[in-house]
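Please look over the model below with the following notes beside you.

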Amino acid sequence: MPYDEEKIKRVQEKSALPYKLGGWLGMPYEGDDGCLRFLHIAFAELGVSVNGRAPDLRKDARLFREVDQPQFGDVAVFQHLPMSKYHVAMVLDWPFAAQCSRDTNGVSCIDVRREPWSRGLRSYWRFKECS
């Protein structure tokens, strides 16, 4: 089941719109696993249910498979970034991804080819139902 074009458009729009105007940019980082919580919100918008909490990470991981060529909706996994041991983001239109961290004051769009993201990027994962 590839993502519905209307849902893709909605996620892309929310990723470009400020939080105070109904989008996600600048949505505050919450808790110790705010990046996972953000993925929960973004995937819910696409009709995919993930727990979005660190304790449930292994259960959520079973829903995904590793891929070489990233596309919209894939999860970019980062490790050993200056700001955190692990981090995740959702690919919007490669190389751009939406992510949430304390260091960016909440949700922001990043270019995964730039530092520090490029140094910490480890893999991409796709929801199995979209393969």
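This is a predicted model: local features need pLDDT of at least 70, side-chain atom pairs count only at pLDDT 80 or more; totals for chains, interfaces and linings use all residues.

1. A pocket is searched for on a 1 Å grid over the protein atoms alone, as an open set of points where a 1.4 Å probe fits, with protein on both sides within 12 Å along at least five of seven lines, and its lining residues have an atom within 4 Å of a point.

2. Residues are numbered from 1 along each chain as its sequence is written, and side-chain values use heavy atoms, with hydrogens and water left out.

3. Which strand gives the largest share of the lining of the second largest pocket? Strand 3 does, with four residues, where strands (E, at least two residues) and helices (H or I, at least four) are DSSP runs numbered from the N terminus. Among the lining residues are Tyr 29, Asp 32, Lys 85 and Arg 102, and by class the lining has five nonpolar, three polar and four charged residues. Here Ala, Val, Leu, Ile, Met, Phe, Trp, Tyr, Cys and Pro count as nonpolar, Asp, Glu, Lys and Arg as charged, and the others, Gly among them, as polar.

4. Asp 74 is found in the loop between strand 1 (64–67) and strand 2. Is Asp 74 buried or exposed? Asp 74 counts as buried because its relative accessibility is 0%, given that buried means under 20% relative accessible area, exposed over 50%, and partly exposed in between (1.4 Å probe, protein chains only). A polar atom of the Asp 74 side chain lies 2.9 Å from the backbone nitrogen of Gln 71.

5. Two peptide bonds deserve a check: the one joining Trp 94 and Pro 95 is cis, with omega about 15°, and the one from Glu 115 to Pro 116 is cis, with omega near 0°. Pro 95 is in the loop between strand 3 (84–93) and strand 4 (96–101), whereas Pro 116 lies in the loop between strand 5 (106–111) and helix 4 (117–120).

6. Most residues other than glycine have a negative phi, and most peptide bonds are trans. His 80, in strand 2 (residues 75–81), has a positive phi near 55° and is exposed, with a relative accessible area of 57%.

Key. A polar contact is a pair of N or O atoms within 3.5 Å; within protein, one must be able to donate a hydrogen and the other to accept it, and residues adjacent in sequence count only if both atoms are side-chain atoms.
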